Amino acid sequence: MKISSTYNVIVNGGGLGGLSVANALQQLGIQVSVYERATELKEMGAGIVLAANAIKALDKLGLGEKVRSLGSSVKKAEIRTWDGKLLVDLPVHKQAEQYGTYSYLIHRADLQNILYENLNSGTVFLGRKLVNKEQDTSKVRAIYEKKEVVEGDLLIGADGVHSKIRSLLIDSTPLRYSGFTAFRGIANFEDDRFPLEQGGGFEAWGHGRRFGYSHLGKGRIFWFAAINTPLATLKNSENKKMTALEYFKGWWGPIEAVIESTEETNIITHEIFDRKPINSWSQGRTVLLGDAAHPMLPNLGQGGAQALEDALVLSRSLIKYPEDIEQALREYERIRIPRTTKVIRGSRAMARIMQLENPISIQVRNLLLRTMPTSLQMKRLEWLVGYEV
């Protein structure tokens, strides 16, 4: 049911988090405007995994079926050694039965378009670079370049891991380098071991490096590589394809072939960072959401999912306390900060396990993975992917 509200909300950032919260707010009848620094909405060429908790959040926004139609369901998920020995065949069908949906992989640009096209016309304003903000007890003002001032009742910082609003809102909390750099690519590629109609794929774990391969939808493969390396070593590689091939020469299955089949322009590199969790995301009439609030490593595949959960909880909190924005923000933080803190810590712990370099530690890890019962595999992730906002 649509609920009318006198709120006027400003969202700074037109990525997945900003567009998600704009959809959640409009669904409840709240007036919202999104201001994005870029001159066009354009996500980089990479895939995003949406586990059951993310799909259920999208269902609540009325967008789940569109995502299912454009993405690829994960009906195969293996973990192997670098040379192909099976460690884990994840129980994806049992998980789908338990949680009511498969996980899906979708191109980030496709997901962004779904979120954007569902908004009311005129919601998103491009080419707006935030330079400052002001607030008092009655209003908040977002100040953009060329002295453009936008006034509202609430300012949401959904402007990503390098959030300008975060830097204006709280003391500096430095980025923490994960210890690895990621390569991501998209290719048109087929391999009989992972048929298109099955969906999903595998990860292969080696010594300080890891490779993932999965169907993306529309006949495409999304792959990623995570390589332990000192900061500023690989990010600016002139030939990204050649660099990736050097690191994964001789690895199992389709790994070299899918890298080779990828156009250089379809490969991107990122140094992977997070931040230490904090105890507050708001001040007065300004609040953070998504990566601006809780940047996390990608090792649990939850960055987008947690932004979607934020969006739903924040919008509901505003409706719950229509006369007291600060109380609404405290409610949002009360629900979300403990969960996202656990995900940040869990993602960093998982990174240490996945990116091991010590041979003895790797042997112990692999033995534990091979012998882990299916019931335990499902139980250990229930708190995460079985969660419903």
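Reply: The protein chain has 12 helices and 19 strands. Please keep in mind that this is a predicted model.

Me: What radius of gyration would a compact globule with 389 residues have, and what does the protein chain have?

Reply: For 389 residues, a compact globule would have a radius of gyration near 21 Å; the protein chain has 21 Å, so the two agree. The C-alpha trace spans about 60 × 45 × 35 Å along its principal axes.

Me: In what order do the strands of the seven-stranded sheet lie?

Reply: The order is 6-5-14-15-16-13-17; this sheet is open and its pairing is mixed. Strand 6 and strand 17 (267-275) are the edge strands, each pairing on one side only. From one strand to the next, the twist averages 20 degrees.

Me: How many bridges join strand 5 and strand 6, and in which sense do they pair?

Reply: Strand 5 (residues 77-81) and strand 6 (residues 86-89) are antiparallel and share three bridges. Within this pairing, Ile-79 stands opposite Val-88 in strand 6. The two strands form a hairpin with four residues between them, and Gly-84 in the turn has a positive phi of about 100 degrees.

Me: Over how many bridges do strand 14 and strand 15 pair?

Reply: Strand 14 (residues 201-205) pairs with strand 15 (residues 209-217) over five bridges, in the antiparallel sense. Ala-204 stands opposite Phe-211 in strand 15.

Me: Which strands form the open sheet of three, and is their pairing parallel or antiparallel?

Reply: The three strands lie in the order 3-7-4, and the pairing is antiparallel. Strand 3 and strand 4 (72-73) stand at the edges with a single partner strand each, so one side of each has no neighbour in the sheet. Strand 4 is joined by two bridges to strand 7 (residues 104-107), and these two run antiparallel. Here Ser-72 stands opposite Leu-105 in strand 7.

Me: Which strands of this sheet does helix 5 touch?

Reply: Helix 5 packs on the sheet and touches strand 3 and strand 7; the direction of the helix makes about 85 degrees with that of strand 7.

Me: How does one find where empty space is left among the atoms?

Reply: One rolls a probe the size of a water molecule over the atoms, which shows where empty space is left. In this structure there is one cavity of 30 Å³ or more. The largest cavity has a volume of about 50 Å³.

Me: Which residues line the largest cavity?

Reply: The lining consists of Leu-16, Gly-17, Ser-20, Ile-48, Leu-50, Leu-111, Leu-115, Gly-304, Ala-307 and Leu-308. Helix 1 (16-27), strand 3 (47-50), helix 5 (108-117) and helix 9 (303-320) are the elements that give two or more residues to this lining.

Notes: Residues numbered from 1 in each chain as written. Predicted model: local features only at pLDDT ≥ 70, side-chain atom pairs only at ≥ 80, totals over all residues. Heavy atoms only, no water. 1 Å grid on protein atoms, 1.4 Å probe; cavity = no way out; pocket = protein on both sides within 12 Å on 5 of 7 lines; lining within 4 Å. Points joined across faces, edges and corners; volume = space filled by probe spheres on them. Pairing = 2+ DSSP bridges. Contact = heavy atoms within 4.5 Å. Axes fitted to C-alpha atoms, helices over the stretch in contact; angles between N-to-C directions. Rg over C-alpha atoms; globule rule 2.2 N^0.38 Å.
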